[in-house]
Amino acid sequence: MPHCILEYSQNLEQEVPPAELLEAAKEACVASNLFSVEDIKLRSSAYKSFTTGGQEDAFIHVMIRLLSGRTKEEKKQLSTLMLNALTEFSLKDVSLSVELCDMDRDTYAKRVVLSQ
């Protein structure tokens, strides 16, 4: 587990395929040593209409939702790894941000439904 949700401006698809962004996010999560690769869930969403600071510059925002219980140091390390992974794309005129959100372990529910 975590859930990594990448939101990005659609104009970035000309420079970086979304699959490459997801792969970089996955690698950052693995590098943190907080999760096993099979537990990492990734998804992305492109925004056609957006502004950043009154401009139409590109953006990538990664929200990482993870079960509560990690230390501030572990979360800071994950945030830094994710931001560094995004920086590796050498994009220009882009706003990069990462947000970590704890999910309450006591109220989080999950069920996997497999085909028969």
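Keep in mind that the model is predicted. Helices α1 and α2 pack with their axes 9 Å apart, and elsewhere ring pairs tie Y47, F50 and F59 into a cluster.

**The helix pair**

- Helix α1 covers residues 18-31 and helix α2 covers residues 72-87, and the angle between the two is about 150 degrees.
- The crossing of α1 past α2 is right-handed.
- On the α1 side, the contact uses L21, A24, A25, A28, C29 and A31.
- From α2 come Q77, L78, L81, M82, A85 and L86.

**The aromatic rings**

- Searching the whole structure turns up 2 aromatic pairs.
- One of them is Y47 with F59, a tilted pair at 6.1 Å centre to centre, with 45 degrees between the planes.
- Y47 sits in strand β2 (residues 41-47) and F59 in strand β3 (residues 58-67), so this pair ties together parts that are 12 residues apart in sequence.
- F50 and F59 make an edge-to-face pair, because their planes stand at 70 degrees, over the 60 needed for that label; the ring centres are 5.5 Å apart.

**How buried the rings are**

- Y47 is partly exposed, at a relative accessible area of 32%.
- F59 has 13% relative accessibility and counts as buried, because the cut-off for buried is under 20%.

Technical notes. Residues numbered from 1 in each chain as written. Predicted model: local features only at pLDDT ≥ 70, side-chain atom pairs only at ≥ 80, totals over all residues. Heavy atoms only, no water. Axes fitted to C-alpha atoms, helices over the stretch in contact; angles between N-to-C directions. Helix = DSSP H or I, 4+ residues; strand = E, 2+ residues; numbered from the N terminus. Left-handed = near helix turned anticlockwise from the far one by under 90°. Contact = heavy atoms within 4.5 Å. Phe/Tyr/Trp six-rings, centres within 6.5 Å; stacked < 30°, edge-to-face > 60°. Buried < 20%, exposed > 50% of the residue type's maximum accessible area, 1.4 Å probe, protein only.
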